[in-house]
Amino acid sequence: MKEFDVIVVGGGITGAATARDCAMRGLSTLLIERSDICDGASGRNHGLLHSGARYAVTDKEGAEECIRENRILRRIASNCVEPTGGLFITLPGDSLEYQENFVRCCRDAGIDAVPISPKEALRLEPAVNPELIGAVKVPDASVDPFRLTDANIIDAMQHGATILKFHTVTGFVRNNGRVCGVRVTKPGVIRSQEIRARMVVLAAGIWTAGLIREAGINIGMLPSKGALVIFGHRVAGMVINRCRKPSNADILVPGDVVSVLGTTSDKVPFEGIDDMRATPEEVDLLLREGVSLVPALSHTRIIRAYAGVRPLVMADSDGDGRSVSRGIVVLDHEQRDGVPGLITITGGKLTTCRLMAEMVTDAVCAKLGVKAVCETALRPLPGSGKAHKDDEEVPYFKRAAIGRHGTEVSRMDFDLGHEIICECEQVTRAEIKYAVKTLGVRNISDLRRHTRIGMGTCQGSFCIKKVAAVLAEELGEPLREKEFIDEYLQERWKGITPVFWGDSLREAEYMQRTHKDEI
Amino acid sequence: MQENNISAGNLEQCLKCNLCTLVCPMMAVNAHYPGPKKAGPDGERYRLKDPQYYDYALKYCLNCKRCEVACPSGVMVGDIIQAARLRYAGHNLRDWALANTDLVGSLASPFAPVVNGVLGLKPVKSLMHAFMGVDSHRTFPSYSARRFTSWMRRQDQGGFDKFVSFFHGCYVNYNYPQLGKDLVRLVNAAGYGVHLLEKEKCCGVALMSNSMGAQARRQGEINLASMRKAIAAGEDILTVSSTCTFTMRDEYPHVLALENAEVRPHLMLLSKWLYQKMESGEVSLRFRRDLHLKIAYHTSCHMQKLGWRNFTLELLRKIPGVELVEMDQQCCGIAGTFGFKKENYAYSQAIGGRLFDEIGAARVALGAQSDPGFVVCTECETCKWQIEMSTGVPVMNPVSILAMALE
């Protein structure tokens, strides 16, 4: 393989945005991901596009970054962002003085925070706890992390980047101490392969901590687990936050057609980071707190629970790991550790992914002596923009696809693919074909991330055999249908088991009986 | 952990088993209709996100509620669809005219001979087909020159010490007062006097299926207020139409959010009331022995949803000369105003096809191939129009049959 200008390790949102920025600045770029795009923490979060209000009181700089990036993403990724607006509600027992200070801090950070009366809050969002004593309207929004990552990946490819999925970086190629590439393996092949590049960027979230040790470097990182619960439909149309010091389960986000409640924050050992599961205790905790935000959550069906890992980075000066930063961290390992050719980007948030990419790409360009400036905030991502004329009647089978992929639907062939395969999420054959062709998938779990297949109420119980048949056909591997179903159902169980009650339990039984050969 | 899962229309109870899809009469004949599961709980999740996901193919729902009868999880599939149509769909002048049975009826009634004549003329039918979208195969039920209510006000009901109230409905009032008279005869024979409600408006079913929810709600409030007064006076409220009954019992609370819990147990079809009175021994009626009728009983969709057909069947069996066949429960396809719209005519007839075949088979089973005494019996007036138009077999409400059988 040729030598690249830059290798980005990690196919989450940070890596994807970095690959896009590098490629747009004319660098020959390779992104390596050990699994599928968005399979780590990027696919296991709230899907909240912060206005910055949550950080306004404690972290003004972070809040300012958020509101800037919030405005940019609305502009460049209109198909990924839904401008739902957000409310910070104050409940009896919370302090209205905190709310006053909160509004002041928001305004200092440039966030348009408008205090409204409890009555007005209930009119805007009838689902909020009617006992509220105060409310503030903020420009929070809902963002689909899968779509946002895919859009960055597609744009990177359109600017010439190469994407290597399902390849694991096992070490670095060194020359006189300089990192000049990586060693990668792929499943089923014992020998590793060397790929060379002038710069290597680590954007692997919490997995960076393990990788970087291969270069003889140590970064103080702590895995912090965040558990979340998905409810079956939209209980509230706006993002609902609790107006108090950030705590457990105080945000409810309307994500696509579901509601996501979270999150917890617990330090966990490194051993568990590859297999994060929400526990029934965490679900209990989330429910208990969530009900005070939106009372209907006490009886709304839960589809599943899941957990992601935030990479908390310890400040270098801090020995015992008490002060962690959630801000953006760019580590130039030449300067910091005397290892040229290697840069780490970590910290930050989903909302600030573009800014993180800009910062690390600036660092890469400086090392390579490239003068190109960042244009990622100016150019819309693939899919962004109007997918149809205002007066055009859009056929029903196309609407869900437009909602997810925006203008990218022009690349889908609905003439032969308008049949709906996944009924809960209204995924058509055309959308499946598009995902297979554009983003590359191994199995149904991969397909799910790029289309929402099986993410709905039945979790695939009803349509998974159809999906498996269509996928096998599209991949040209007709014998793998059963394997696809096995893998998918096992993965789904992981999120269903912590919420084994009510209708989820009935659904699980139905699933088990329908697929008794597979489970 | 949660104690139970409840959402509007029991949306989240849906396990996606698709039993509803299996029983939907429209699914079987129309590829454009997404089916009850997709139109109902599946579609609702998307509509909750954004009304732009409203699918205009929901207009094909017949509101027959067979999906709800079939659902093993208690999802109010039909109610979810009906409520979505009220919220998101628009309507035109034709729909307005078809839906306002009350207003149109009271305008047409005084000029009944003229209106009936004109509406039956071929050129008028063609014009309505072309410009209003009312299918030319259909004939409007003829209007009666004298309303039921004006007849009723002249009846002396003073000789009774027990009373019921009668919700007559638009069809009895404007089109077929005889059915109301039959009810009065039966109830009087049972020893009860009949009162009209203080105020009665159309139940609103046609308004609802044509997306005029606000008006339906206003009319529902008026009806419920009158019924509460009747109930306070110790009267049950009797009806003759399965659709009006079902609408006021189930759609009022589920679709129009009208609280009717205290009215519901007192609001019923005559057959349920009469059967219970006879079973308890309070009422005994004597039927003629010389009435030789061969009856094929058709369970209308809303009768199936009410679950009351056995009351009717048992009463009919008490008439000595009656031979009765219960037909398989199929939709006739007209679904109220649905079948009157020209774009729906073909679907309407395709759905009804299976029932029409059943009627033919019932006729053979009763040995009534050339017998003028063969009738179809059903509680629904729009089923009556559809069956009479499509098969030529006369259709009678069980109330009329029972009244005819009185000694």
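## Strand pairing in chain B

In this predicted model, B:Lys294 stands opposite B:Phe374 in β7(B). Strands β5 (residues 293-297) and β7 (residues 374-377) of chain B run parallel and are joined by 4 bridges. Strands pair if DSSP finds at least two bridges between them. Strands (E, at least two residues) and helices (H or I, at least four) are DSSP runs, numbered from the N terminus.

The open sheet has 4 strands in the order β6-β5-β7-β8 (chain B), with parallel pairing. β6 (322-326) and β8 (395-396) of chain B are the edges; each has a single partner strand, so one side of each lacks a neighbour in the sheet. Helix α17 (residues 309-317) of chain B packs on the sheet and touches β5, β6 and β7 of chain B. Contact means heavy atoms within 4.5 Å.

## Interface between chains A and B

Chain A gives 39 residues to the contact, chain B 29. The buried area is about 3,000 Å², 48% of it from carbon and sulfur atoms. This is accessible area (1.4 Å probe) that two parts lose on being put together, summed over both.

There are 3 salt bridges between chain A and chain B (a side-chain nitrogen of Lys or Arg within 4 Å of a carboxyl oxygen of Asp or Glu). A:Glu425 forms a salt bridge with B:Arg45, with the closest N and O atoms 3.2 Å apart. On the side of chain A that touches chain B, α16(A) gives the most, with 6 residues.

## Conventions

Residues are numbered from 1 along each chain as its sequence is written, and chains are lettered from A and ligands numbered from 1 in the order written. Local features need pLDDT of at least 70, side-chain atom pairs count only at pLDDT 80 or more, and totals for chains, interfaces and linings use all residues, while side-chain values use heavy atoms, leaving out hydrogens and water.

Note on methods:
Axes fitted to C-alpha atoms, helices over the stretch in contact; angles between N-to-C directions.
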